[in-house]
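Here are my notes on this model, as numbered points. Have the coordinates open while you read.

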Amino acid sequence: MTTAPLYLLLVSAVAIYLSTGASAIGVNYGTIANNLPRPSQVAQFITTQTIIDSVKIFDVIPDIIHAFANTNVTVTITVGNGDIPALADARAAAQWVAANVQPYYQETKINRISVGNEILATGNRLWISKLVPCMWALHNALVQAGIRNIQVSTPHTLGIISNSVQPSQARIRKGYDKVIFEPMLKFLRQTKSPLMVNPYPYFSYAPSIADYALFRPNRGVHDSHTNITYYNMFDAMMDAVYSAIKAMGYADVDIVVAETGWPSAGDPNQPACTVDNAISFNGNLLKAVTSGKGTPLMPNRKFETYIFSLFNENLKPGQSNERNWGLFRPDFSAVYDVGILKNKQSRPAPRPAPVAGKKSWCVPKASASDQALQANINYVCSQKGMDCRPIQAGGPCFGPNNVRSHASFVMNSFYRLNGARPFNCDFAGTGVVANSDPSHGSCKYM
């Protein structure tokens with residue numbers, strides 16, 4: 001096989017480039033799993049065994065934020081999509097900052113607040129219309145609280161771009177360009193915050209362009225307007241983003257790679273999901289973003305980059321590839337290594353410890369919509385081993401017969417059966433851990 005020499009070359013190259021410590025190499029710390037180690041163990045592993053210096057979490061999870069206190073690892077926290085409309089209000093934004101930033105930021109290096117995730121791709125008009133006002137409200141709340149070193153931004157899929165086959169011709173899609181993106185880019189410029197994008201060559205994969213997507217030798221794709229030939233899709237995607245914002249007059253706004261990666265396993269109908277492909281993509285990606293070479297339209301630049309993801313997440317729905325994006329398994333053993341580990345593991349990795357503590361329950365947030373809560377019900381009740389009969393007609397928890405009551409019961413059941421860990425009450429930002437028993441009448445919560 002030819003992958004072994006390539007793998008060794010990538011490890012060496014990445015180690016050399018990362019030894020300078022000049023670039024932020026981050027990971028997305030997902031928690032849709034019931035077998036993950038304690039956040040304190042994760043923080044120790046990252047700080048002592050890896051070259052990772054940044055993590056991004058998809059919520060505000062106190063245990064994770066606390067775990068990285070007094071370390072050099074920066075933490076990006078996330079506002080739930082459904083919370084955006086309420087937080088466009090100045091008073092609500094101030095309360096959110098007081099509850100979710102001020103208790104932590106002096107000890108934990110919170111570097112950025114991500115306002116939602118891929119909001120434009122949701123098509124939710126309310127979320128979209130309130131996105132920039134929410135960003136301003138949170139920024140102003142931070143300033144009023146005396147916090148000036150935390151940026152506010154929001155990640156985007158590359159679906160925001162049209163005409164991207166030739167990167168120089170890429171433009172922000174009509175309808176979003178003037179109404180949403182121009183005010184957003186103006187905000188980012190004024191607050192010195194970056195544009196966050198999620199470029200995933202994996203989602204554009206086809207056998208005919210496999211080498212182009214995976215940074216392997218290929219004939220390249222020519223841009224006739226610049227006479228530039230691109231030899232990997234990642235560079236082309238990044239230059240498409242740059243061209244799109246440059247055309248709007250905002251070429252000076254920095255660009256952060258908020259998510260990218262490649263799954264290492266999949267179902268039989270997903271032949272692109274292999275360890276070799278994950279090594280090729282992520283290894284070359286790390287080399288590219290830290291080398292200082294930049295891209296054809298952005299030469300001599302390094303890019304703050306967050307790989308998706310830290311762990312394989314065994315509860316993610318969908319096909320097998322959804323559960324196999326991780327660099328590591330929950331026992332800290334590497335799924336594969338492209339230079340992320342400081343030293344080769346010579347002894348068994350630490351095992352997760354059981355969680356101890358007083359009884360707690362998982363209930364819906366007051367701000368959670370019925371639509372989101374119904375999605376929680378559907379998800380929990382589709383999981384093997386979950387008993388949703390109590391909320392069905394005739395069951396002890398059927399009444400009151402409404403979505404919020406039913407969601408409360410099943411969300412708590414999921415939380416309790418998976419170890420009562422805070423991240424198992426996340427539910428995309430719609431759940432919260434409570435200390436009072438929500439049982440009522442004959443409906444007894446675990």
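Is Arg-112 buried or exposed? Arg-112 is buried, at a relative accessible area of 3%, where buried means under 20%, exposed over 50% and partly exposed in between (1.4 Å probe, protein chains only).

1. Ground rules. This is a predicted model: local features need pLDDT of at least 70, side-chain atom pairs count only at pLDDT 80 or more, and totals for chains, interfaces and linings use all residues. Residues are numbered from 1 along each chain as its sequence is written, and side-chain values use heavy atoms, with hydrogens and water left out.

2. Arg-112 and its partner. The side chain of Arg-112 forms a salt bridge with that of Glu-304, 3.0 Å from N to O; the term means a side-chain nitrogen of Lys or Arg within 4 Å of a carboxyl oxygen of Asp or Glu. The two sit 192 residues apart, Arg-112 in strand S4 (residues 109–115) and Glu-304 in the loop between H11 and S13. Glu-304 also counts as buried, at 18% relative accessibility.

3. Other charged pairs. The structure holds eight salt bridges. Among them is Lys-316 with Glu-322, at 3.7 Å; Lys-316 is buried at 13%, while Glu-322 is partly exposed at 26%. Another, Asp-387 with Arg-389, comes in at 2.9 Å, with Asp-387 partly exposed at 37% and Arg-389 exposed at 59%.

4. The sheet. Nine strands make an open sheet with parallel pairing, in the order S5-S4-S3-S2-S1-S13-S12-S9-S6. Pairing here takes at least two DSSP bridges between two strands; strands are DSSP E runs of at least two residues and helices H or I runs of at least four, numbered from the N terminus. At the edges, S5 (151–153) and S6 (155–157) each pair on one side only. From one strand to the next, the twist averages 25 degrees.

5. Around S1 and S13. S1 (residues 25–29) runs parallel to S13 (residues 305–308), joined by four bridges; Gly-26 has Tyr-306 as its bridge partner in S13. Helix H11 (residues 275–290) packs on the sheet and touches S1, S12 (255–260) and S13, making about 175 degrees with the direction of S13. Contact means heavy atoms within 4.5 Å; axes are lines fitted to C-alpha atoms, for helices over the stretch in contact, with angles from 0 to 180 degrees between N-to-C directions.

6. Overall. The protein has 13 helices and 15 strands. Buried residues make up 53% of its 446 residues, and the C-alpha atoms fill a box of roughly 70 × 50 × 45 Å along the principal axes.
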